[in-house]
Amino acid sequence: MNAIEALNDKNGSNKTSISKYIESKYGDLPAGHTTLLSHHLNRMKQTGELVFLKNNYMKADPNAPPKRGRGRPPKPKVPLPPGVVLTPARPRGRPPKDPSAPITSSKPGTGKPRGRPRKMARPEGGITGNSTLISTGSGRPRGRPPKVKTSPLTEFVPLVIEDDDDDDDVMISV
């Protein structure tokens, strides 16, 4: 506060000028001087002893109205008449269920259990295995179907080429 009063700038004093004044008055300063100065200036700003405006600190005007915070101001509280007892406020969120209460269904009589139906067991031997089928809705297993393997030719038929020496025609018989 002494440094700000001694510097007496109408726009206030910045942190550097306050630090230089303190160094000129008290001589050699400890290594943590700038950190301590910043801490004390911020604390004085929070308590309202100093006003921070355009990167400068100045003394607060005692006649100035208190600075309003951000956001909407709170509604004024209406005093309650004497003798009125307030009930405690309800806690937030959904109230807990009573464990001793009976279980009630919202849709009585449907006969279906809630949620997705359970899967049946997969067939053991694949498509040609047991006759237990999966009840997945479409009757088909999931994924890409396997390729159908074609059997190789079972009978070998030789190709016979006949050539007559009379003309240039070639006869092929299968």
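Lys45 lies over the face of Phe52, at 4.7 Å from the ring centre. A charge counts as over a ring if NZ of Lys or CZ of Arg is within 6 Å of the ring centre and within 35 degrees of the ring normal. The model is predicted: local features need pLDDT of at least 70, side-chain atom pairs count only at pLDDT 80 or more, and totals for chains, interfaces and linings use all residues. Residues are numbered from 1 along each chain as its sequence is written, and side-chain values use heavy atoms, with hydrogens and water left out.

The protein chain holds 3 helices and 4 strands. Their order from the N terminus is α-α-α-β-β-β-β. Helices (H or I, at least four residues) and strands (E, at least two) are DSSP runs, numbered from the N terminus. Of the 174 residues in the protein chain, 9% are buried. Buried means under 20% relative accessible area, exposed means over 50%, and partly exposed lies in between (1.4 Å probe, protein chains only). Contact means heavy atoms within 4.5 Å. Among contacts between residues at least 6 apart in sequence, 24% join residues at least 24 apart.

Phe52 also takes part in an aromatic pair. The count of such pairs comes to 1. Phe52 and Tyr57 form this pair, which is tilted, with 4.7 Å centre to centre and 45 degrees between the planes. Rings of Phe, Tyr and Trp (its six-membered ring) pair if their centres lie within 6.5 Å; planes under 30 degrees apart count as stacked, over 60 as edge-to-face and the rest as tilted. Phe52 is partly exposed, at 33% relative accessibility. Tyr57 is buried, with a relative accessible area of 4%.

Strand β1 (residues 50-53) pairs with strand β2 (residues 56-59) in the antiparallel sense, over 4 bridges. Two strands pair if DSSP finds at least two bridges between them. Val51 has Met58 of β2 as its bridge partner. The hairpin has 2 residues between the strands, and Lys54 takes a positive phi near 55 degrees. Asn56 belongs to strand β2. Asn56 counts as buried because its relative accessible area is 16%. Beyond neighbours within four places in sequence, Asn56 contacts Asn11, Gly12, Ser13, Asn14 and Val51.

The largest nonpolar core has 9 residues: Ala3, Ile4, Ile18, Ile22, Leu37, Leu41, Met44, Leu50 and Tyr57. Helices α1 (2-7), α2 (15-26) and α3 (33-47) are the elements that give two or more residues to this core. The most come from α3, with 3 residues. A nonpolar core is a set of buried Ala, Val, Leu, Ile, Met, Phe, Trp, Tyr and Cys residues joined through side-chain atoms within 4.5 Å. Leu50, one of the core residues, touches Met1, Ile4, Leu41, Met44, Lys45, Tyr57, Met58, Lys59 and Ala60, not counting residues up to four places away in sequence.

A search of the whole structure finds 1 salt bridge. Glu5 forms this bridge with Lys59, and the closest N and O atoms are 3.0 Å apart. The pair links distant parts of the chain: Glu5 sits in helix α1 and Lys59 in strand β2, 54 residues apart. A salt bridge is a side-chain nitrogen of Lys or Arg within 4 Å of a carboxyl oxygen of Asp or Glu. Glu5 is partly exposed, with a relative accessible area of 40%. Lys59 is partly exposed too, with a relative accessible area of 43%.
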